[in-house]
Amino acid sequence: MTLQQLKYVVAVNKCRNYARAAEACSVTQPTLSAMLMKLEGELGVRIFERTNKNVVPTIAGEKIIKLAEKT
């Protein structure tokens, strides 16, 4: 887990959209998605549920977001 990944988690939660979060973080959307997928793999949990229209945190994601916001 890196500080950059935590920054991406906070941005996605705030924007509720991967493309806007990537823009806010000055990275490409595929980079942001890959880093979050890597983090989810490391932690063994899904942080966000993604659909074509929505991005919402999972229950485990809510806990990770709270921790990320403190860093």
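1. To start with the term the first point needs: a helix axis here is a line fitted to C-alpha atoms over the stretch in contact, and the angle between two axes runs from 0 to 180 degrees between N-to-C directions. Please keep in mind throughout that this is a predicted model.

2. With that in hand, have a look at helix α1 (residues 3–15) and helix α4 (residues 59–70). Their axes come within 9 Å and cross at roughly 115°. Angles of 65 to 115 degrees count as roughly perpendicular, and α1 and α4 are therefore roughly perpendicular to each other. The crossing of this pair, α1 and α4, is left-handed.

3. Which residues make the α1 and α4 contact? From α1 come Leu6, Val9, Val10 and Asn13, and they meet Ile64, Ile65, Ala68 and Glu69 of α4. By class, the residues of this contact of α1 with α4 comprise 6 nonpolar, 1 polar and 1 charged.

4. Helix α1 also crosses α3. The axes of α1 and α3 come within 10 Å, at an angle of roughly 110°, which makes α1 roughly perpendicular to α3. On the α1 side you will find Gln5, Tyr8, Val9 and Val12; on the α3 side, Leu32, Met35, Leu36, Lys38, Leu39 and Glu42. The contact of α1 with α3 has 7 nonpolar, 1 polar and 2 charged residues.

5. As general background, nonpolar side chains tend to be buried together in soluble globular proteins.

6. What does tyrosine 18 touch, leaving aside residues up to four places away in sequence? Its partners are Val12, Gln29, Leu32, Ser33, Leu36, Phe48, Arg50 and Val55.

7. Lastly, a word on glutamine 4, which belongs to helix α1. Is this residue buried, partly exposed or exposed? Its relative accessibility is 33%, so glutamine 4 counts as partly exposed. Glutamine 4 and methionine 35 lie 31 residues apart in sequence, with a C-alpha to C-alpha separation of 8.7 Å in space.

Methods:
Residues numbered from 1 in each chain as written. Predicted model: local features only at pLDDT ≥ 70, side-chain atom pairs only at ≥ 80, totals over all residues. Heavy atoms only, no water. Helix = DSSP H or I, 4+ residues; strand = E, 2+ residues; numbered from the N terminus. Parallel < 35°, antiparallel > 145°, perpendicular 65-115°, else oblique. Left-handed = near helix turned anticlockwise from the far one by under 90°. Contact = heavy atoms within 4.5 Å. Nonpolar A, V, L, I, M, F, W, Y, C, P; charged D, E, K, R; others polar. Buried < 20%, exposed > 50% of the residue type's maximum accessible area, 1.4 Å probe, protein only.
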